[in-house]
Amino acid sequence: MKKLIYQYYLMDDNTRPLSLWAQWGQWSVKKYAKKYGWDYEFSQTPWHTEGPDTFINPSDGVPPACRWFDISRVWEDPYFDQWDQVLFLDLDIVIHPRSPDISLINPRHVAGWIECVPPGANGGPSYDRPGKHADILANAMEYIGSPHPYPVFEATGVTRICNSGVLLWSKEARLIAREKFGTEYWKWWGMRETHDYPRWLCLDQIYVSAMMNKYGLDLVELNWKWNSCPTNWNKLPQPASYFYHFSNERKKMVDTWCKQTWGDDHDFVPYK
């Protein structure tokens, strides 16, 4: 079986070196790929060269639509058809050396972690809050033509929204998505203006979840250890995990965390 790990990162100036957190993450992913026989590819070239620029992140100024929805290259680009499995990882993922080979999960379509408060944690996302969250989520799903993903994750009871930072795609799933998904991500992104929805609702992961639900893709719900946010245990000892996800402001934790994790037993050398 041929398998690929794919990552991308878009900046306003791709001649600048990656940030230290990104270098650590990429280093750990390449180690993992070599250990388990994955091919690895990284891109800083936008897949989408045109799209609605309804929001620009003031921290980096990159084209917003490309920044979030270039994930669609995973299923849109026939180049990836040569691989049986494609594992998409955000660049702020750091893989612990204890991690097993995720390819053994071998989903029929897609494997991903359902956003929830993990058992025993004291923090995490939830989309089942009454009122605004649940209502606008249901309305957005209706607007895109997707059945509302009612709670199916028995351990937590949360609505099934799959975090896009770790997604394992089979070839069958990518071909279905290429045929069915179209470019409705621009319609989804445009809800910031057409519906005055908050930015978190209009990003890639809820869109991907909506499309998987709309077209009946089979989703293997990964254990939270495959997409573990350290600050979900900021008042507790964190249980041993596999893929650590340092999203948003958590990126500033990466250097210290990696040095504590690997100590002197690593060959990581940052570049400038």
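**View 1. Trp113 faces Leu222 across two paired strands.** In S7, Leu222 is the bridge partner of Trp113. Strand S5 (residues 110-114) runs parallel to S7, joined by four bridges. Two strands count as paired if DSSP finds at least two bridges between them. Strands (E, at least two residues) and helices (H or I, at least four) are DSSP runs, numbered from the N terminus. This is a predicted model: local features need pLDDT of at least 70, side-chain atom pairs count only at pLDDT 80 or more, and totals for chains, interfaces and linings use all residues. Residues are numbered from 1 along each chain as its sequence is written, and side-chain values use heavy atoms, with hydrogens and water left out.

**View 2. Six strands form an open sheet.** The order is S2-S1-S3-S6-S5-S7, and the pairing is mixed. Axes here are lines fitted to C-alpha atoms, for helices over the stretch in contact; angles run from 0 to 180 degrees between N-to-C directions.

View 3. H1 touches S1, S2 and S3. The direction of H1 makes about 170° with that of S1. Helix H8 (residues 204-214) touches S5, strand S6 (162-170) and S7. The direction of H8 makes about 45° with that of S6. Contact means heavy atoms within 4.5 Å.

**View 4. Strand S1 is mostly covered.** Six of the six residues of S1 (residues 3-8) are buried, meaning under 20% relative accessible area with a 1.4 Å probe, protein chains only. In a regular strand, side chains alternate between the two faces of the sheet. On one side of S1 lie Lys3, Ile5 and Gln7; on the other, Leu4, Tyr6 and Tyr8. S1 pairs in the parallel sense with strand S3 (residues 85-89) over four bridges. Leu4 stands opposite Val86 in S3. Five bridges join S1 to strand S2 (residues 39-43), again parallel. Phe42 in S2 is the bridge partner of Gln7.

**View 5. Helix H1 meets helix H9.** The axes of H1 (residues 20-36) and H9 (residues 254-262) come within 9 Å and cross at roughly 40°. Among the residues in contact are Trp21 and Trp24 of H1 and Cys258 and Trp262 of H9.

Note on methods
Buried < 20%, exposed > 50% of the residue type's maximum accessible area, 1.4 Å probe, protein only.
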